[in-house]
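Please open the model in a viewer and prepare to select residues by chain. The tour begins at a single side-chain pair and then widens to the surrounding interface.

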Number of protein chains: 2
Amino acid sequence: MTIARAYAAFNPKDPLRPHTVERRDPGPSDVEIDILFCGICHSDVHQVRDEWGGSMYPMVPGHEIVGRVTRVGASVTRLKAGDLAGVGCMVDSCRTCESCARDLEQFCQKGAAYTYNGTEMDRKTPTHGGYSTAVVVDEAFVLGVPESLDPAGAAPLLCAGITTYSPLRQWNCSKGDRVGVVGLGGLGHMAVKLAASMGAEVTMLSTSRAKEADAKRLGASGFALTSEDATFTKLAGHFDLIVNTISAPHDYNRYLGLLRPQGTMVLVGAPPQPIPVSAFSLIFGNKRLAGSLIGGIAETQEMLDYCGAHGIVSDVEIIPADKVNEAYERMLKGDVRYRFVIDIASLKGA
Amino acid sequence: MTIARAYAAFNPKDPLRPHTVERRDPGPSDVEIDILFCGICHSDVHQVRDEWGGSMYPMVPGHEIVGRVTRVGASVTRLKAGDLAGVGCMVDSCRTCESCARDLEQFCQKGAAYTYNGTEMDRKTPTHGGYSTAVVVDEAFVLGVPESLDPAGAAPLLCAGITTYSPLRQWNCSKGDRVGVVGLGGLGHMAVKLAASMGAEVTMLSTSRAKEADAKRLGASGFALTSEDATFTKLAGHFDLIVNTISAPHDYNRYLGLLRPQGTMVLVGAPPQPIPVSAFSLIFGNKRLAGSLIGGIAETQEMLDYCGAHGIVSDVEIIPADKVNEAYERMLKGDVRYRFVIDIASLKGA
């Protein structure tokens, strides 16, 4: 057992502060990782503040983890000491249920072991995330990160990357497809980069004209203001696929009107309240409203390999751990382009 | 030009009564059909009573038409006099737009020419439907009906059949798939027959225990009462596909809970008011809520050929034309198993 330095929340109200967590010695199938960078996800704030209920404290958040392998167990074959590795939202699952058998560990019927604010599959041992200097995870849930990628920029791929890559693949995003991305934040900026890399003609749909230049730099060829009614007539029937990252209340029916026949809007952001959907919005045009949650382990590895091949990382602002509370406040105001990443070296000093 | 006897609505309030309509002499690409049977669809009532607005009178309803070809134009190749033929919801479209090019004439960007209560593509000549002794339609919108099928039972395939066949195909209904059908009416009974014929394990989801025996006779292997809360726990995560035929208000989220990960609920019934949908219902499980409207001409022919090969027709109650007003009342009470079909011979007497 080793002691890792960490940053933790102790209750829903107070700022996060330094802490330590115990990490087990690697078992036969385990991989020990020296964490280099950990991204900050909106869900970190929700869980730290107990906005989804059931939060467990002390909580060491962080599920966008990139680091170097330091030790591996005897049966580990895919990774070795020195490899660049990643850990995302899950550290284990039952591995036998129907969902796990279909490479959808995020929907494990016994409930996956989430990387933090959860337990291992023994349902007793608490899990702690990547706002820490080291983590030990079973090989089956450790991803290989291409050496060609900047490790800080790669960290958010483990959540924001797979969350947007998976729906693009599920809905077969292809060369020439017209893809709309609603909202330019942590998820939206990855959706633009990934869809553009797949050859899609990407349009950013945003409430803020200030986002236009950035959207185009990231790969969008079009931009439209969702605050203007004209957008919804001009682009009616335009898109094959819309990736909707917005978690504020908005009218889905208007966006469904932007789809071509057989087009799909995928939700990766979840407004807190149900939103009225007219059956007519779906029936006229054989349209689809879908949801998508992160991705399975195999697809996450596929995404990382894809990003390696295409040189895709997240746009990040690197901060030391002691700026995490400030980063939460700025993130909630949308004041980050586009993901905060903690430099874990800041936790390792004397 | 010939005169066809017909049954027509003259305003939204009064009963339908005898009428006549002019049918053009067949042009080079036209097919003239002596109508044998015409099914009665719920949408006939909505349009007769102007419940969707914009109804045009006198109106001869009917878009589930089966008859014998009597004459064809010089350039017609697919059909000849004596053939059993069908006409569904459309009699023409622009044939050049993106939707038409994709065999989705029902979403023609110029607006398809609907079989009745509409106009030909000249946007002047009114169209009149199958509550009549004859119809003349361009070959491109006339379907071949397999001779092996009972013509009365085949008539509802032109709307109820394609409306349920298309979503089963769109969502790749396959052997062993678990398919739920919500509501056992004109659409629901076709969905059960078709899904069962494709090898799916079909469960009828109904508010009425009285429907169980019939559902099983039609091909369902399971039955569950949607009026019982226990159904929604017992069958949680069970279905690959749900075909939802209900047009009364109901909670989509409960039904989305019955889907497996990556499962789809397709709406073919449209409740009048929007229904609140929780993004969480879709995101947890990568689920899909979709709509589907009839089907294109090529798919309608595919469906008829499929039904011919599998001996599938609608369960019908055959009535003379002068019982149509009574049939409307009974249909609105759900008192028909499962489709009224007008025997057009009743219009042809002296």
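Select A:Glu98 and B:Arg260 in this predicted model. Their side chains meet in a salt bridge, 2.8 Å from N to O (a side-chain nitrogen of Lys or Arg within 4 Å of a carboxyl oxygen of Asp or Glu). Between chain B and chain A, the count is two salt bridges.

Next, colour the side of chain B that touches chain A by class: 22 residues are nonpolar, ten polar and six charged (Ala, Val, Leu, Ile, Met, Phe, Trp, Tyr, Cys and Pro count as nonpolar, Asp, Glu, Lys and Arg as charged, and the others, Gly among them, as polar).

Now display the whole contact, to which chain B and chain A each bring 38 residues (heavy atoms within 4.5 Å). The area buried between chain B and chain A is about 3200 Å², with 60% given by carbon and sulfur atoms (accessible area, 1.4 Å probe, lost by two parts on being put together, summed over both). Select B:Pro261, B:Ile283 and B:Asn286, which supply 17% of the area that chain B buries against chain A, more than any other three residues.

Finally, select strand E15 (residues 275-277) of chain A, which pairs with E17(B) in the antiparallel sense over three bridges (strands are DSSP runs of at least two residues, numbered from the N terminus; two strands pair if DSSP finds at least two bridges between them). Within E17(B), B:Ile275 is the bridge partner of A:Val277.

Residues are numbered from 1 along each chain as its sequence is written, and chains are lettered from A, and ligands numbered from 1, in the order in which they are written. Local features need pLDDT of at least 70 and side-chain atom pairs count only at pLDDT 80 or more, whereas totals for chains, interfaces and linings use all residues; side-chain values use heavy atoms, with hydrogens and water left out.

Key: Helices (H or I, at least four residues) and strands (E, at least two) are DSSP runs, numbered from the N terminus.
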